[in-house]
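Subject: Structure handover

Hello,

Here is the structure for you to look over. My notes on what was found follow below.

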Amino acid sequence: MTPDKFEPLDPVIHSQVRLAVLSILITARHADFNFLKQETGTTDGNLSTHLAKLEEAGYIQVKKAFQGKKPLTTCSLTEKGKSAFAKYLKALESYFPAGKK
Amino acid sequence: MDEMQAKEEIRLIKAMLEKTKRATAESGTLFMVWGVLIALGLMGNYVLVYFKMYDWEWLNWVAVTVIGWVYSVIYGIRKERKEPVRTYIQTAARHLYIACGAGFLLVGIALPALDVYSHEAIVILIAVISGILFFVMGGIYEWPILKWFGLIWWMGALGMSFIKGIGIRTLIFTVLFVACYLVPSFILRSKYKKEQASK
């Protein structure tokens with residue numbers, strides 16, 4: 001396969017943490033910040049930066065609220081995010097030789 | 001980006017999907033609570049029939065249902081507040097529980113009280129709804145054994161319809177209940193504990 005047949009990957013998703021976040025949110029209606037931090041194995045600051053990028057691109061919606069006295073940040077995937085994730089998966093397929101997906 | 005990196009990304013996506021699945025596995029708590037309540041209801045029913053206190057039978061089942069619903073609502077609200085992630089599968093399962101709970105209320109209490117059908121038909125209809133509950137649960141959590149329990153409930157419903165007499169029907173229902181409700185509830189619970197332990 002020649003490189004020109006590779007489909008370009010969305011740079012917003014093409015990062016380990018952001019891809020991990022979207023992979024969680026694709027099956028979830030919403031997930032809270034601590035869950036995403038725990039499952040992606042990242043730090044508060046790092047995750048916040050990645051979430052901000054995804055939110056800026058319109059791929060996720062971030063809601064900030066309070067649960068009792070504790071702040072609670074929850075994230076959910078937008079329609080644009082779902083579509084971008086599907087496109088990303090399709091683009092990833094192009095990196096595999098035919099019949100070896 | 002090359003094939004190796006693409007494979008690594010696919011592996012990451014699969015790992016995240018698996019982690020989310022584990023974090024939102026069905027705990028079986030509500031199944032067990034309802035199982036214990038219905039078992040108590042069946043025992044209460046037996047005692048009332050033994051002492052020929054037929055007029056109190058309905059109250060026995062109303063008490064079981066009210067306690068079950070109040071517990072389920074409080075449990076649901078508390079769980080929703082605490083849960084860090086909510087998947088579409090969980091939402092589907094919750095709607096299934098509510099639908100079957102409403103079905104049990106209607107076919108077990110409301111409709112017979114309104115004389116829509118004889119009390120003898122209650123166990124058959126309860127078995128049909130139990131079959132739906134287990135079959136769909138097996139489908140959404142991708143656990144085939146639950147589907148088999150669903151099929152057994154439906155076969156039991158069909159079998160009970162050929163047998164006359166509320167006593168023998170209730171006995172068959174009790175056997176079905178222990179084998180196809182309590183047993184899968186305990187299996188579900190132990191599967192959940194194993195999954196949580198392996199996290």
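Predicted model: local features only at pLDDT ≥ 70, side-chain atom pairs only at ≥ 80, totals over all residues.

Residues are numbered from 1 along each chain as its sequence is written, chains are lettered from A and ligands numbered from 1 in the order written, and side-chain values use heavy atoms, without hydrogens and water.

Strand 1 and strand 3 (residues 70-77) of chain A run antiparallel, joined by two bridges. Strands are DSSP runs of E, at least two residues; helices are runs of H or I, at least four; both are numbered from the N terminus. Strands pair if DSSP finds at least two bridges between them.

Now the interface. Contact (heavy atoms within 4.5 Å) links 26 residues of chain A with 21 of chain B. The two chains bury about 2300 Å² between them, 65% of it on carbon and sulfur atoms. Buried area is the accessible area (1.4 Å probe) lost by two parts on being put together, summed over both. On the chain A side, helix 1 (16-25), strand 1 (28-32), helix 2 (33-40) and helix 4 (79-93) each supply at least two residues.

Best wishes
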